[in-house]
Amino acid sequence: DKIMEQLMTRKQRAEEILWATLTDVLYRHGEQHDRGEEEKRRRARMERRARAIEAAKAAGNNGMATIAEVDSDEEDSHSYSHTANSYEDDVSTKGGESSSAGGSGSAKEISSSGPSSGVGVQFKRMVGRAILESEIDLEGDELRCLEEPAAWGSHSNYTFLPASYLYPEQALPRYTDPVLALRILVECLTKLKRLDDVEQYLRESIEREIRQVAQREQAKTLTRLEKRRGRPVQSEGDGDGNDKGEDDDDSGNLKEFRIHLNNLLKAFGGIMTRFMHLAQILRHKICSDSILARMCPSYPVPSSALYSVIVAAETAMQNEIKGFLSACIAESDKPKDKRKNRYNAMHMDQSQLDVERGVFSLGISSLGRDGVGGRFSATAGFSSRANIVELPSNQFVNDVLFPRTNTDPEVRHALTFRRSLSRWTHEITEGKRELAICSGEDTSAPMYQNSMEEGALHYIDTIIQRTLLPEMQDEAVNAVIHFLERRDAFDPILSDAFSRYPSNSVQLEAEMSVACQALYTSTRPIFMALHRLPKGGDMYLSLVTMLEHAMLTFISRMKQRVSELISGKTAYTLLEDERGNPSPFSQAMDRRKAFSLLLRIYNDEDDVDDPSASVEPSVQVGGILPLPPPDNDTSPKKGGRSSFGIGTTNEKVSFEKEVEKIEALTQFTGPLKFDNSNLCNDDELMKAACLANSLLRVSSLLEGQLRNRAGTWEKSVSAVRDLQSAIKTIRFHGLRVAKFCRAEILVQTAKKMSEICMSSVLVAEDAVRLPSCVNNLGEYLTTSSDNIREAGGNAIAAHSFSSLEQYIPLFLIQTARIIAEGTKPITMNGIESLDRTGSVLYRDLKGATSFENSFWDEDAAAHSFEQSAVFVNLMEISSKDLEDHYRNNPTQFSDGDYELMFKFNGPRRRGDFRRFNLLKSKMKTEKRMG
């Protein structure tokens with residue numbers, strides 16, 4: 001009787017050890033070991049290793065074999081800690097090699113556990129065939145472990161050191177690979193005839209164990225928060241399961257939430273993986289032994305064994321996750337009202353606070369949780385750390401995470417958590433599918449229908465569809481319409497930055513108009529949501545529809561504003577015809593280096609050479625619909641431009657072609673007569689510059705939001721192409737207004753310089769004076785530069801004043817031509833006045849364009865102003881000097897200009913064009929004879 005009692009006691013103790021070990025393997029209780037204790041064990045192992053090597057050397061044996069044995073054992077001992085943190089890195093999911101008996105199996109091998117398993121199918125999450133079909137000799141392993149100490153004491157020349165000497169705490173078999181551990185535990189339970197009780201035992205403790213796993217993650221999060229207390233919150237993730245690259249406004253504040261959720265999902269994912277491995281091993285064991293199948297009445301369908309356990313575990317995990325999400329989202333609360341009340345409390349006057357709470361209060365405020373001090377004393381009511389850790393998920397979020405991170409529950413937080421939750425749900429679903437395939441499970445049975453409650457992913461999608469999408473639609477559309485209705489929707493927002501920093505060397509960024517700011521800020525959350533929702537789904541298409549509606553509303557008002565600003569102006573008639581098609585002058589402007597630099601500033605590098613940038617989508621040019629080049633074309637194929645758009649050698653040719661398109665300005669024969677209503681005043685020019693800058697900036701920002709993380713356009717949904725077209729339309733009109741600003745500056749400059757030829761200072765005898773129009777032009781350039789920079793920024797100002805260092809000398813040469821052709825005499829003082837005009841305008845233009853990132857071309861300016869100075873000097877020199885100059889520089893000016901100079905009656909010569917013809921004939925004869 002005593003023997004039987006002892007045997008029953010030992011059997012009962014063995015069963016208790018088996019059940020505890022099974023629980024430990026499934027729920028990873030082993031990861032709770034103290035790091036300090038583990039460090040002590042590691043140091044002790046190193047000391048024993050050193051002593052063992054010395055003993056081996058003293059005995060004359062090979063020490064390298066001993067070291068290799070030690071290293072192998074250490075790697076095996078650490079594999080448990082490697083698989084404890086993330087189910088994605090779990091050895092069981094990769095099917096790594098096992099160091100214990102039983103062989104090895106790859107997770108990507110063809111795995112088969114039943115007669116109906118799919119042969120030739122690769123499973124990434126299931127156990128390999130080698131582990132399932134290997135035979136395990138438990139008695140042999142136990143005997144070898146018991147014999148090792150005796151063998152070590154009896155054989156002094158033993159080559160290898162046994163593991164029991166180096167690891168006394170692991171004298172009994174300890175399998176660190178969870179897959180092999182489950183395989184051995186199933187074998188042991190089969191020996192004890194307790195395989196039929198696995199499902200009942202696991203179901204009894206599932207909810208408790210899952211709650212303990214969540215509590216362990218809460219403890220880790222609390223420890224991390226206490227360590228980081230007082231440190232600034234970083235916007236990027238730094239490990240601990242945090243996903244890097246979250247482009248969210250709340251990425252800094254929600255960082256701890258995302259870390260906690262990701263760690264929780266990894267822990268739950270590892271548990272589910274081991275549950276599915278246990279189910280696969282158990283099903284294979286029962287299906288491969290008909291006698292064992294009859295001994296397990298709890299599994300009437302062996303291929304579906306432990307299915308209810310897996311469902312119960314997933315349900316418990318989903319409830320924990322939903323508790324966390326419901327507290328973070330707080331769909332029924334009004335967080336905006338909470339923030340408003342808290343803001344009022346923080347800015348309440350000190351006299352309104354009842355700070356004196358008794359004699360010994362010392363003025364310490366006792367505000368509640370929503371007050372000033374409530375954030376830092378939210379957890380003061382808990383008596384110990386254990387009470388905080390044992391809080392339910394929703395209460396832990398409300399009482400610990402929110403107070404410590406100074407954030408509030410928001411419905412839009414659902415988008416922050418959806419991506420990681422979607423990946424986790426996909427992994428669990430795929431794991432169950434692979435389990436059903438490899439075990440021959442019939443998923444069409446009624447028990448599989450509606451076996452799961454509402455999952456966390458479905459819960460968060462319901463909130464997004466029911467609450468978040470309508471809220472985002474209301475904010476996007478109504479906010480845009482509200483700001484578009486304002487009278488100053490597209491007017492410049494002026495600040496005192498330009499008065500505080502008068503130096504042109506300071507880089508100042510002009511603000512966008514309120515309408516463009518409203519479009520960007522109201523649609524940015526929707527753009528962010530596009531990258532967090534499944535492509536092509538109902539929610540995704542709904543968001544695209546919202547964005548399209550908001551941008552089309554903006555475009556309709558924007559076109560109206562552009563038409564009000566530029567229609568009827570002289571600069572507009574130079575750029576477009578009556579049908580709205582671009583003129584040859586506008587097309588020539590697109591080929592200039594300044595235009596390419598403007599595109600480079602407001603767009604990415606890949607879009608600089610895009611020839612369709614200045615063509616509105618779906619707008620016919622010249623009666624033909626423009627066809628953009630293929631997307632796979634390289635930049636040289638698209639535009640044939642250099643890295644700066646137009647090569648330096650071709651810039652002169654581009655300028656000459658541009659001049660040919662505006663002969664009405666460059667070939668004036670008298671003062672240009674423009675009605676003042678056809679020219680822009682300072683206020684209108686500032687509005688145009690602000691509109692150009694705002695449209696280009698908002699189009700660039702929206703384009704960046706629409707691009708995915710890889711920096712490419714979304715191509716999976718056709719509706720996204722409509723958004724691309726809308727963004728390109730906004731950019732097209734921004735470039736349109738930017739070119740209008742440049743044309744307006746050019747027209748104003750030409751108008752003022754055309755008045756020089758009628759100035760009385762050209763015939764003055766008493767002194768050298770500058771024409772009044774020159775002084776007016778200098779003031780206009782300085783004022784316009786400041787106004788455009790203040791309203792539209794340096795980029796628009798740089799483009800507007802580009803090439804003036806070439807046009808002003810050209811206008812001065814044209815003035816000299818008019819004077820030379822006229823019958824009105826000019827004095828030496830008049831010629832000196834023309835020469836000084838070039839110097840003064842060079843100085844004024846250089847001062848107006850000496851701001852940061854100006855497009856001023858020093859080489860072109862020096863060459864152009866030198867040419868104009870030489871041309872004016874030809875009016876002053878004698879006939880003999882004129883002939884010498886022509887001999888030395890026959891190609892510096894055209895023959896028409898030289899003939900005009902020979903005809904000119906100057907202060908020091910009489911005009912005679914016959915001398916020019918004789919000189920040309922003489923030079924040709926000399927060239928022929930020489």
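Trainee: What percentage of the 930 residues of the protein chain count as buried?
Mentor: This is a predicted model, in which local features need pLDDT of at least 70 and side-chain atom pairs count only at pLDDT 80 or more, while totals for chains, interfaces and linings use all residues. Residues are numbered from 1 along each chain as its sequence is written, and side-chain values use heavy atoms, with hydrogens and water left out. Buried means under 20% relative accessible area, exposed over 50%, and partly exposed in between, with a 1.4 Å probe and protein chains only. By that rule, the share of the 930 residues that count as buried is 50%.

Trainee: How many helices and how many strands are there in the protein chain?
Mentor: Both are DSSP runs numbered from the N terminus, where a helix (H or I) has at least four residues and a strand (E) at least two. Counted in this way, the protein chain has 35 helices and zero strands.

Trainee: Why is the pair of Tyr-842 and Phe-865 called edge-to-face?
Mentor: Rings of Phe, Tyr and Trp (its six-membered ring) pair if their centres lie within 6.5 Å, and planes under 30 degrees apart count as stacked, over 60 as edge-to-face and the rest as tilted. A search of the whole structure finds 15 aromatic pairs. For Tyr-842 and Phe-865 the centres are 5.1 Å apart and the planes stand at 80 degrees, so the pair is edge-to-face.

Trainee: Which helices does this pair tie together?
Mentor: Tyr-842 is partly exposed at 26% relative accessible area, whereas Phe-865 is buried at 10%. Because Tyr-842 lies in H31 (residues 828-848) and Phe-865 in H32 (residues 858-873), the pair ties together parts that are 23 residues apart in sequence, namely helices H31 and H32.

Trainee: Over the ring of which residue does the charged end of Arg-817 sit?
Mentor: A charge sits over a ring if NZ of Lys or CZ of Arg is within 6 Å of the ring centre and within 35 degrees of the ring normal. Lys-752 lies over the face of Tyr-780, at 4.7 Å from the ring centre. The charged end of Arg-817 is 5.9 Å from the centre of its ring, which belongs to Phe-871.

Trainee: Which residues is Gln-806 in contact with, leaving aside its neighbours within four places in sequence?
Mentor: Gln-806 is found in helix H30 (residues 804-821) and, at 12% relative accessibility, counts as buried. Contact means heavy atoms within 4.5 Å. With those neighbours left aside, the partners of Gln-806 are Arg-592, Phe-655, Ala-860 and Ser-864.

Trainee: Is Asp-859 buried or exposed?
Mentor: Asp-859 has its place in helix H32, and its C-alpha atom is separated by 9.7 Å from that of Glu-805, 54 residues apart along the chain. With a relative accessible area of 64%, Asp-859 is exposed.

Trainee: Which helix supplies the largest share of the lining of the second largest cavity?
Mentor: On a 1 Å grid over the protein atoms alone, a cavity is a set of points where a 1.4 Å probe fits but cannot get out, and lining residues have an atom within 4 Å of a point. Grid points are joined across faces, edges and corners, and a volume is the space filled by probe spheres set on the points. The second largest cavity has a volume of about 50 Å³, and its lining includes Ile-566, Tyr-572 and Phe-740. Helices H21 (570-575) and H28 (718-753) each supply at least two lining residues, and the largest share, three residues, comes from H28.

Note on methods: On a 1 Å grid over the protein atoms alone, a cavity is a set of points where a 1.4 Å probe fits but cannot get out, and a pocket is an open set with protein on both sides within 12 Å along at least five of seven lines; lining residues have an atom within 4 Å of a point.
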